[in-house]
Amino acid sequence: MQLTLWTYEGPPHVGAMRIATAMEDVHYVLHAPQGDTYADLLFTMIERLQKRPPVTYTTFQARDLGGDTAELFKTAAREAFERFSPKAMLVGSSCTAELIQDDPGGLCKALNLPIPVVPLELPSYQRKENWGASETFYQLVRNLALPKDAIEKSKSAKPRCNILGPTALGFRHRDDVAEIRKLLTDMGVDINVVAPLSATPDDIARLSNADFNVVLYPEIANLSAQWLKRSFGQPFTKTIPIGHSATCDFVREVAQLAGIDPVAALHDATSRAAWYTRSVDSTYLTGKRVFVFGDATHAVAAARVAAQEMGFTVVGIGTYSREFAREVREAASLYGVEALISDDYLEIEACIAALNPELVLGTQMERHIAKRLGVPCAVISAPVHVQDFPARYSPQMGFEGANVLFDTWVHPLMMGLEEHLIGMFRGDSEFHEDAAPSHLGGGVHAQSQLDVAQPLEVAQTQEQQPQVAISPQSITVSVWDTGAEKELKKIPFFVRGKARRNTEKYANERGISVITTETLYESKAYFSQQ
Amino acid sequence: MSTVIPIRANVGKGCTDVVPLVERGQREVFCGLTGIIWLHRKIQDAFFLVVGSRTCAHLIQSAAGVMIFAEPRFGTAIIDERDLAGLADANDELDRVVNQLLARRPEIKLLFLVGSCPSEVIKLDLSRAAARLSVQHSPAVRVLNYSGSGIETTFTQGEDACLASMVPDLPVPQANAEQELVIVGTLADVVEDQFVRILNHMGIERVRFFPPRRAQDMVPIGANTRLLLAQPFLGDTARVLQARGARLLPAPFPLGIEGTTAWLQAAATAFDITSDRFQAAVAAPMARAEASLARAKLHLDGKSIFFFPDSQLEIPLARFLSRELGMQLVEVGTPYLHRQHMAMELAMLPEGTFLSEGQDVEKQLDRCRAAHPDMVVCGLGLANPLESEGMTTKWAIELVFTPIQGYDQAGDLAELFTRPLMRRMRLAS
């Protein structure tokens, strides 16, 4: 058993629902107990869909367990087929139904429905949402895609591709697809099929009618793209077009796969973000310490943008996508940090508290952590809540995506002039170091409270050790004299925690028992040389 | 015993003998785990540890968690494949998780191990686990157990199961203790305070609430106890309280002026309060409530309403909306109908009201579309899709999360129904 306060991913059948809901003319019959229909409101409330997800639940109850739950499933499947007349059907179990082992696939075969029925084996006690989505998409592709010779290849001379990966409940999938579709079309590439988002089973059947595949979300589509490569010889893209330079790389990669001149394709390539980050107003962003966490794709992409385009220092990177741990470890080695591969919310909280970043780029859960620690935060990855399914156009990908990233990430930081003035003058009744940035409406800035290290609290969050672990903060032997303590307060709040820890480390290493103002500045000089 | 409940005079048989349409099929409802969302705020030093799957964790998180930015007093011990291999191992694992949790949250005084569908199906004996852990962590922490699984409980029944699990621990009052009123069911703090003021005013001094705000505030239950149910979904809780000798006062539920008056009257009758004292206590708040309902009635009078099953609050709400605001009841769906607790409510429903118990959601949607009511009360999974079909909806869960009981909330309760209609009008014009 694992103690969980927040979970980064839902169970795998929610991933399957994301595929079914993204598509048209597909119905999903899910063997599940009463109550599992809660998942509908992820789609109707968070994503604000105007239709009910195409999912029929058996919603069995305790009294049904004594009877024939298999018959219940068959009835539900038959009625769903009659009512919705889908062109393909998915059948599977939720976690509880997995325990009672009714075999939806076999039961549905006995019904002899005149449409393809794809049985899903989603091990709920081992795997999670993204895996479920990936597996479901893969099974649909395997079962429905027709070989090339069965498809009438159209006469168009243009190179042609599929866009794979966007789903329902995906973080900005709607606008990413629009942005990338436009980018590819402008390059002179035809779009054969976008899947699973708004694809029909017929669309899946004609996937092979493309020259190559564009994989936007490897968590969802890598497995299918690999199969398509093996079966139809379609190569697929590896670059994720998030950020200005990654989008340029993506254009080059696509141009190469499509046999187009990359120089011409990049001729008009531009984003405002590329200039905004170079403008002098952005100089103060240099070296801001940032912690990145999310699904592997977004975390790796965000770290690259943060380091190469924003000029931040990446002090930590992590993911909850264990399937893509290797990619994140590789990225981490670029920034000389240790990758954090975990879906344990408490472990991530402890890591952020220890690293003391100035900005957190993460998921909805990191917003919880950042709020608690008083650190500015921007959301870069699912899981997200309703405010991250915005009405306005807000892609993460492509050149417009780069613009969106710049605005979103800079917004929570205190603006340059205010930061300077607070460094110079203290004790202002309105603009003081304990106040939140004035462009965010002021209010007490919790980060300022943090400069008093709280070893006990951090220690408690070290979940893996049954004993109260001794965190780095709690082995402090040096004490601060009042003068040094006062001097410390003069350091701007967002770097104060770092200064405190560096000074204590400096004092400990040298056996200094009382930290004075001198020690503080000696330590500052020492660390600035490094 | 000189007073009569004023509304009784004009009540016929209503729907007392009506046979509801009982349907079985897909049910678009929450499971009992959802009760944790409000219970963890009500009992401030309790922690709710669900023993279940990732689905359970995801449910509570989706239903509540994303709105809560503080560290919540609930969590999930997620069963994994190792636990499914052998039961003995699962118990050790549970002990480890509980120890870990209590080390992190030393302020917790009461821990609920909440059963889920997976834990029920694999027959993990959580009641024995609770007993074992209670001994280990006594006296600092009490550990109790109840089931909030979807296979056994629907939405608010989770609260019923939770409260029922607390009853065996409650103390027994002294043999000749004075008669005491216990109000059962989670109410907003502000509503509790209002009821205490009114009851004190009419001379009932000994009033307690169950569940209490703090785990240590143990309400004594025995033959001297008079129970007033504040919520309609407390079948099991009422049963175990009555088994300890407490007497249940028959009353409708305190929604709207009529319901609140009759509910308070039930207490007044049991405590021999004179009609004058009763009137003196309720006159002012009643007058306020009447004024606030008059405005709402302008919008709701004659409008038709359709209830999908959700919380068991549907029948009392339908009674309030039809009798005090003039709404027409198209269908009143309830997940479960407790005839005895609902007797007075049923008697007050307009004769011929179409009642349904249970659900086959597709068929019910067909009925709803055919009737095209002015307003549909339904869950969040249905609300936006129905809005996009052109219907006006009121999402049902809000009725559980908002203070709606008592006189001073009657206007607020009516406003929950006028607001979607007003909004539709405004956005159209």
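Predicted model: local features only at pLDDT ≥ 70, side-chain atom pairs only at ≥ 80, totals over all residues.
## Two chains and what holds them together

On the side of chain A that touches chain B, helix 17 (residues 364–373) of chain A gives the largest share, namely six residues. Sorted by type, the residues on that side of chain A come out as 24 nonpolar, 20 polar and 17 charged.

Now step back to the whole interface. Here 61 residues of chain A are in contact with 68 residues of chain B. The size of an interface is often quoted as the accessible area lost when the parts come together. Between chain A and chain B, about 5,600 Å² is buried, and carbon and sulfur atoms give 58% of that. Which residues of chain A lose the most area to chain B? They are Met1(A), Gln34(A) and Arg52(A), which together make up 17% of what that side buries.

The chains also join through their strands. Strands of a sheet pair through backbone hydrogen bonds, either parallel or antiparallel. Strand 1 (residues 2–4) of chain A runs antiparallel to strand 3 (residues 74–78) of chain B, and three bridges join them. If you want a spot to look at, find Thr4(A), whose bridge partner in strand 3 of chain B is Thr76(B).

Next, look inside chain B. An open sheet of six strands is found there, in the order 1-12-11-10-13-14 and with parallel pairing. Strand 1 (21–24) and strand 14 (393–395) of chain B each have a single partner strand, so one side of each is left without a neighbour in the sheet. From one strand to the next, the twist averages 20°. Within this sheet, strand 10 (residues 304–307) and strand 11 (residues 328–334) of chain B pair in the parallel sense over four bridges. Ser304(B), for one, stands opposite Gln328(B) in strand 11 of chain B.

Finally, back to salt bridges: over all chains the structure holds 48. One of them is between the side chains of Asp343(A) and Lys128(A), at 2.7 Å from N to O. This pair links distant parts of the chain, 215 residues apart. Asp343(A) lies in the loop between strand 11 (339–341) and helix 16 (345–355) of chain A, while Lys128(A) lies in the loop between strand 5 (117–119) and helix 7 (129–144) of chain A.

Terms used
Residues numbered from 1 in each chain as written. Chains lettered and ligands numbered in written order. Heavy atoms only, no water. Contact = heavy atoms within 4.5 Å. Buried area = accessible area lost by both parts, 1.4 Å probe. Helix = DSSP H or I, 4+ residues; strand = E, 2+ residues; numbered from the N terminus. Nonpolar A, V, L, I, M, F, W, Y, C, P; charged D, E, K, R; others polar. Pairing = 2+ DSSP bridges. Axes fitted to C-alpha atoms, helices over the stretch in contact; angles between N-to-C directions. Salt bridge = Lys/Arg side-chain N within 4 Å of Asp/Glu carboxyl O.
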